[in-house]
Amino acid sequence: MKYDFTSIIDRKGYDAIAVDLPENYLGNYAAVKREEGFDVIPMWVADMNFPVVPTIQKAVIDRVNHPAFGYFSPRDEYFELIRKWQETRNHVSGLENRHIGYENGVLGGVVSAMNVLASKGDNVLVHSPTYIGFTMSLENNGYNIIHSPLYQDENNVWRMDYEDMEKKIVDHKIHVAIMCNPHNPSGRVWTKEELEKAMAIYEKYNVWVISDEIWSDLLLNGNSHIPTQSVNEYAHNHTAAFYAPSKTFNLAGLIGSYHIIYNDWLRERIEKESSLSHYNSMNVLSMYALIGAYQPEGYEWVDELKEVLSENVAYACDYIEQNFKGVTLSRPQGTYMLFIDCEGYCKAHGIDMDTLLHKGWKYGVYWQDGRPFHGQYSIRMNLALPLCRVKEAFDRLDQHVFND
Ligand SMILES: Cc1ncc(COP(=O)(O)O)c(C=O)c1O
């Protein structure tokens, strides 16, 4: 590998909630006392434990070396690099600068789009299990989430339930749906056929689509991303899509994402809406981080990252299947999150989820409660760590949690 995916970065003291959890994130984990000799292996919040591609630091540092940071507007390069990224990685054609717009965050963009497409109290269709950020931001803004559960088929592949989606849309008079493509936390990468089927339902009932594609660069085992907007004309004209370099390149702390919206009416309405707070402004260093990320080195870095993540995910899945009786999973096709189901294990051992989760934390495995994602016996695990740390985590889970 050309880039470094093996060094263990000590993030302690460097502004990372992944390892230095503030009180309000700890909840009932605050009472868990970590056993001596077990350091923290951060496997919860969705950021990565790899050094960034060096072109990012270089672009930011070069800019910092110029001693003025006044008002600015995004450089043409910002838009050109996004266009090139989308054309090369996602085979998008016909994308113009005007279709692209800055958003401080994907969730903020989702809320702005909701504010345009629905009234407060309106119903919105969201698949479950559900990324907790959707739940919090939609509820916080007064929208009523109607869940359409995904289900696992006979091969443990998560699928949309089209009949259920259609019924919920009709019964609840729904005119806006959120797609998470690829889906967090299940790790499903939707195929063209699946997106087309969903779109046919949305078109039939005049449902607008908000497509969160923040994970679209992180596909495993050679899978490829199909942008929701690309599947047909209805999708092209009725979807607001949101992307970011933050998940792909580990830049969440620098803030910054962008929308792609082809429909002029929709884009102009959303841009107006997101301008209302006067907070939705780019930070010059975040612009340079994107510029540094979308360089040729960034393309290579992501290709290597995907190999590393594919190996980590395969290691974790094989380990669980071979060693943790009563734990089931669906192999993710994208993202670096694993959503495991511990129902069999908990029932066989007569323990509840809190006990199980706390046992992991006690031995430094900071994994994440899946219940707020609507998995009654689920745990979400972040696998974006050097493989030796993933192995260490599974050894600890083996010796001290599942088979102690
Ligand atoms: C599906 C999804 N959307 C949005 C976000 C957060 O994006 P942002 O920080 O840009 O709001 C995350 C972060 O984990 C995510 O998984």
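Predicted model: local features only at pLDDT ≥ 70, side-chain atom pairs only at ≥ 80, totals over all residues.
Start by selecting helix H6 (residues 162-171) and helix H7 (residues 192-204), whose axes come within 10 Å and cross at roughly 20°. Helices here are DSSP runs of H or I with at least four residues, numbered from the N terminus. Axes are lines fitted to C-alpha atoms over the stretch in contact, with angles from 0 to 180 degrees between N-to-C directions.

Residues are numbered from 1 along each chain as its sequence is written, and side-chain values use heavy atoms, leaving out hydrogens and water.

Now show the side chains between the two helices. From H6, Tyr 162, Met 165, Glu 166 and Ile 169 meet Glu 194, Lys 197, Ala 198, Ile 201, Tyr 202 and Lys 204 of H7; contact means heavy atoms within 4.5 Å. The residues of this contact divide into six nonpolar, no polar and four charged. Here Ala, Val, Leu, Ile, Met, Phe, Trp, Tyr, Cys and Pro count as nonpolar, Asp, Glu, Lys and Arg as charged, and the others, Gly among them, as polar.

Next, select helix H4 (residues 106-117) and helix H5 (residues 132-140). They pack at an angle of about 45°, with their axes 10 Å apart, and are therefore oblique to each other. Look for Leu 107, Val 110, Val 111 and Met 114 in H4, which meet Gly 133, Phe 134, Ser 137 and Leu 138 in H5. By class, this contact has six nonpolar, two polar and no charged residues.

Stay on H4 and pick Ser 112. Is Ser 112 buried or exposed? At 8% relative accessibility, Ser 112 counts as buried (under 20% relative accessible area; exposed is over 50%, partly exposed in between, with a 1.4 Å probe and protein chains only). Beyond its neighbours within four places in sequence, Ser 112 touches Ile 270, Glu 273 and Ser 274.

Last stop: select Leu 356. Leaving aside neighbours within four places in sequence, Leu 356 is in contact with Cys 342, Tyr 345, Cys 346, Ile 351, Trp 367, Ile 379, Val 401 and Phe 402.

How values were computed: Parallel < 35°, antiparallel > 145°, perpendicular 65-115°, else oblique.
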